[in-house]
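Here are some notes for a colleague opening this entry for the first time. Please read them with the structure in view.

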Amino acid sequence: MAAKSFDLIVIGAGPGGYVAAIRAAQLGLNVVIVEREHMGGICLNWGCIPTKAMLRSSEVFHLMERAKDFGLKAEKISYDLDAVVKRSRGVAGQLSSGIGHLMKKNKITTIMGEATLPAKGKVSVKTDKGTEELTAKNIVLATGARARELPGLEADGDLVWTYKHALTPKRMPKKLLVIGSGAIGIEFASFYNTLGCDTTVVEVMDRILPVEDEEISKFAKKQFEKQGMKILEKTMVKQLDRGKGKVTAHIEAKGKVEKLEFDTVISAVGIVGNVENLGLEELGVKIDRTHVVVDEYCRTGVDGLFAIGDIAGAPWLAHKASHEGVMVAELIAGKNDVHPVRPESIAGCTYCHPQVASVGFTEAKAKELGYKIKVGRFPFIGNGKAIALGEPEGMVKTVFDEKTGELLGAHMIGAEVTELIQGYVVGRTLETTEEDLMNTVFPHPTLSEMMHESVLDAYGRAIHF
Ligand SMILES: Cc1cc2nc3c(=O)[nH]c(=O)nc-3n(C[C@H](O)[C@H](O)[C@H](O)COP(=O)(O)OP(=O)(O)OC[C@H]3O[C@@H](n4cnc5c(N)ncnc54)[C@H](O)[C@@H]3O)c2cc1C
């Protein structure tokens, strides 16, 4: 059968690929998208969305346990784990099928199958019905990533789980070990701990949430410990001995190994890019530690071949993938006002309790880069809305360039900060200064007032603290 010809072939229908396809179709290109498993990728099916649905259940549970604080009565509070999972899978399914509709609406051809690249400009797709050959001048690789497995700590789905198992638990762990305290590890630790599971988090670095500002990591640790979580920093899981219904973890700290028993382990030690079996090496694509090497415009160095999202490296975030998708689609369509994605302007959010969100440089990074800085802080306890919500724990920290007043970074912990951070992201895009932010009127009573107060504090002008 003759190869079908398109303007653009997108491989992978996650938030990188499907967004690239839609933007290219909007710009008049004839687009085909190839997906081997599920529309919406990891994000909609096994990542961002189902985790947030699960965390919403644990958040409501936590609020019900605190009903008395709000003058309410809730007795015999419990949960139905199967129903929690069913809701989460339902939310994921609803959104995933929505992507199928978006493809149809934008007249994008969808092929369900496994893609390989036999030659430049060519894609071969293995489907249930056989093999389809496709050609296009431009190809966008958006094949994403999967859980990293460390030797000896591999998941088995029974005692040792990856995020997929942790999203579809058949039983509630009683004693849980979470290996890794990045966003994924901490979100699962928060979910299971809130539902009453005895939870220990092990982090090899010197603090949890190691990409966050040090003050935020410390604040988070204190809060999690108050909730009963055990946090072991500068600690490494060396070995897991799997027995009947239990795992003995060999945990090393300061050169000493301690053996601790758990009934479940969640391994959240990072991700690896899906770079294998695509034919990339043969095409001359450079791969560095499971990620495709790209320039700031996501070009691979092979003419007409782009890589976006998780396969193109950190930060491994859905909104970074989508934004790169838009950028490459516009580049391919010949738009000449295309800007590269700036990693330091991409916010990171962790939906644990309390939530964590940040954008830009941490205080330490700003100093390391040689900036003379001004730092502002504002605690949730000084904010009327936070008190009214019954959420007095948290803080907003801002970092400014003393010389220019540029907002270099913002770091938040507390209720709803994942919704607030975008205010600072917009500020950074508009290259806002301390003066613009101080002159902005924030509505009252809102949590966002703390964003204002933190800026005021950096310049010795905070009102409510
Ligand atoms: C538990 C968890 C929670 C997360 N929470 C968040 C969050 O809150 N916020 C956030 O921003 N990010 C979050 N992430 C990360 C986010 O899911 C990823 O950054 C995002 O999905 C990356 O998008 P992508 O398009 O690059 O790849 P993916 O979403 O991984 O999509 C890639 C797609 O390519 C397909 N594919 C792969 N190889 C082939 C092939 N050869 N042929 C055809 N199809 C192929 C795959 O089946 C997949 O559907 C989370 C991740 C996990 C695991």
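1. Start with a term. A salt bridge here is a side-chain nitrogen of Lys or Arg within 4 Å of a carboxyl oxygen of Asp or Glu. Arginine 56 and glutamate 59 meet this with their side chains, at 3.7 Å from N to O. Both residues lie in helix α3, three residues apart, about one turn of the helix. Arginine 56 is partly exposed at 44% relative accessibility. Glutamate 59 is partly exposed too, at 29%. Keep in mind that this is a predicted model.

2. The whole structure holds 26 salt bridges. Side chains of opposite charge can pair when their charged atoms come close. One of the bridges joins arginine 146 and glutamate 276, at 2.7 Å from N to O. Arginine 146 sits in strand β7 (residues 145–147) and glutamate 276 in the loop between β16 (271–273) and α8 (280–283), so this pair ties together parts 130 residues apart in sequence. Arginine 146 is partly exposed at 33% relative accessibility. For glutamate 276 the value is 37%, again partly exposed.

3. A further bridge links glutamate 215 and lysine 397, whose closest N and O atoms are 2.6 Å apart. Glutamate 215 belongs to helix α7 and lysine 397 to strand β23 (residues 395–401), so the pair ties together parts 182 residues apart in sequence. Lysine 397 is buried, at 1%. Shared partners join Asp213, Glu215, Glu363, Lys367, Arg377 and Lys397 into one network of salt bridges.

4. Next, the sheet. Five strands form an open sheet in the order β8-β15-β9-β10-β11, with parallel pairing. The edges are β8 (160–161) and β11; each has a single partner strand, so one side of each lacks a neighbour in the sheet.

5. Strand β10 (residues 198–202) deserves a look. Four of its five residues are buried. Five bridges join β10 to the parallel strand β9 (residues 175–179). In this pairing, isoleucine 179 faces valine 202. Three bridges connect β10 with β11 (residues 230–232), also in the parallel sense. Here threonine 200 is opposite lysine 230.

6. How are these strands connected? β9, helix α6 (residues 183–194) and β10 make a right-handed β-α-β unit. β10, helix α7 (residues 214–226) and β11 make another right-handed unit of this kind.

7. Back to helix α3, which spans residues 48–65 and includes leucine 63. Leucine 63 is partly exposed, at 32% relative accessibility. Together with Phe70 and Leu72, Leu63 forms a nonpolar surface patch of about 260 Å² accessible area. Lysine 52 is in helix α3 as well. Its relative accessible area is 25%, so lysine 52 counts as partly exposed.

8. Now the record. An unreviewed UniProt entry gives "binding site" for Lys52 and Asp310. The unreviewed entry also lists "domain: FAD/NAD(P)-binding" for residues 6–325. Over residues 6–325 the chain is 32% helix and 29% strand, with the end C-alpha atoms 18 Å apart.

9. A last pair gives a sense of distance. Glycine 90 lies in helix α4 (residues 81–105). Its C-alpha atom is 35 Å from that of leucine 305, 215 residues away along the chain. Glycine 90 is partly exposed, at 38% relative accessibility.

Terms used: Residues are numbered from 1 along each chain as its sequence is written. This is a predicted model: local features need pLDDT of at least 70, side-chain atom pairs count only at pLDDT 80 or more; totals for chains, interfaces and linings use all residues. Side-chain values use heavy atoms; hydrogens and water are left out. Buried means under 20% relative accessible area, exposed over 50%, partly exposed in between (1.4 Å probe, protein chains only). Helices (H or I, at least four residues) and strands (E, at least two) are DSSP runs, numbered from the N terminus. Two strands pair if DSSP finds at least two bridges between them. A crossover is right-handed if, with the strands pointing away from the viewer, the path from the first strand over the helix to the second runs clockwise. Patches are made of residues with over 30% relative accessible area and no salt bridge: like charges are joined within 9 Å, nonpolar side chains (Val, Leu, Ile, Met, Phe, Trp, Tyr) within 5 Å. Accessible areas come from the Shrake-Rupley method with a 1.4 Å probe; for residues, only the protein chains shown count as cover. UniProt positions are given in the numbering used here, feature names are shortened, and annotations may be inferred rather than shown by experiment.
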